[in-house]
Amino acid sequence: MKKDLISITDFTKEEYLRIMELAADFETNPNQELLKGKVVASLFFEPSTRTRLSFETAISRLGGRIVGFADPGSSSATKGETLHDTIKMVSNYADLIVMRHPLEGAARYAAEVSSVPVINAGDGANQHPTQTLLDLYSILKTQGTLDNLNLFMVGDLKYGRTVHSLLQAMSEFENPIFNFISPQVLQMPRAYKHHLEEKGIRYFEHEEFTDIISEADIIYMTRVQKERFSDPMEYEKVRNIYILKNSMLENTKPNVRILHPLPRVNEISTDVDNNEKAYYFEQALNGMYTREAIIAHVMNLK
Ligand code: NCD
């Protein structure tokens with residue numbers, strides 16, 4: 001049976017750990033010809049910089065070739081071709097499909113239609129499992145563990161797909177505590193909070209971005225997802241709601257690290273960049289090794 005990665009819950013905790021082990025191996029030795037002779041389709045129906053480039057670099061470092069598009073404007077989607085037909089055809093050409101799409105559920109649908117494995121590189125406000133695996137790798141590298149951590153998630157917790165997948169993954173580890181900082185209109189969706197309640201995991205919701213971050217091990221900042229708002233006025237009200245400044249990090253724990261999936265707009269002031277607690281650019285680099293690991297795992301190359 002083919003292996004897809006659509007939601008982070010498609011993988012077990014053992015698989016998360018296996019991928020991190022592989023990522024560490026690719027970090028020491030990034031160029032391994034495991035995909036030689038294989039073709040990967042990279043289908044980006046929604047804009048991306050890091051996710052697409054780190055995937056395509058990962059494929060190149062594995063010796064594979066890439067076909068696809070970075071902009072749906074250059075695909076037959078503009079002529080009215082259905083996702084069904086595009087995927088059916090591409091899965092005849094390629095050995096693996098990496099896909100980003102603006103609609104929630106599009107990746108699952110593609111996996112059902114495709115005869116080759118599909119990796120979800122983000123579907124609307126729903127899931128972003130490959131980001132989560134690189135986030136786990138970044139947390140493990142900086143904290144030395146994935147257990148007993150106090151995670152702060154800040155910003156757009158409603159439309160931010162990265163925090164949805166990360167919450168589910170972290171809930172598989174021992175004794176996490178979640179602190180959600182968001183305006184009321186951008187709170188973590190009920191279903192994810194319910195998931196924590198069912199597992200007996202503690203979480204706290206705040207609207208103020210204050211001294212409380214002194215308890216954090218990880219501060220995960222997010223961008224307000226402008227493209228998901230149906231009313232531009234609603235976006236204007238919350239666009240600059242939380243800005244992390246260097247001075248706010250003074251009383252934080254020595255081990256705390258600031259993560260952000262990027263792109264940042266205004267959420268992290270540039271004066272944080274030189275603080276040793278800033279980790280977002282290293283996090284983006286970890287993405288390349290982690291994506292090599294994910295491909296190797298899904299294609300059973302190791
Ligand atoms: C994130 C995404 O696309 O969901 N970016 C990324 O993949 N690195 C976060 C965002 O766009 O805000």
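Helix H5 is largely enclosed by the rest of the structure, because 12 of its 15 residues are buried (under 20% relative accessible area, with a 1.4 Å probe and protein chains only). The model is predicted: local features need pLDDT of at least 70, side-chain atom pairs count only at pLDDT 80 or more, and totals for chains, interfaces and linings use all residues. Residues are numbered from 1 along each chain as its sequence is written, and side-chain values use heavy atoms, without hydrogens or water.

H5 spans residues 129-143. Helices are DSSP runs of H or I, at least four residues long, and strands are runs of E, at least two, numbered from the N terminus. From first to last C-alpha, H5 reaches 21 Å, close to the 21 Å expected at 1.5 Å a residue (1.5 Å times one less than the number of residues). Its buried residues include Pro129, Leu133, Leu136, Tyr137 and Gln143. Gly144 follows H5 and has a positive phi, near 75°.

Leu136 touches Tyr16, Met20, Leu146, Leu166, Ala169, Met170 and Phe173, leaving aside residues up to four places away in sequence (contact means heavy atoms within 4.5 Å). Leu136, Met153 and Phe178 have the most contacts inside the largest nonpolar core, a set of 53 residues. Such a core joins buried Ala, Val, Leu, Ile, Met, Phe, Trp, Tyr and Cys residues through side-chain atoms within 4.5 Å. Helix H9 (residues 280-298) gives the largest share of this core, seven residues. The core lies between domain 1 (8-128 + 287-298) and domain 2 (129-284), because both give residues to it. These bounds come from an automatic or database domain assignment.

Terms used:
Buried means under 20% relative accessible area, exposed over 50%, partly exposed in between (1.4 Å probe, protein chains only).
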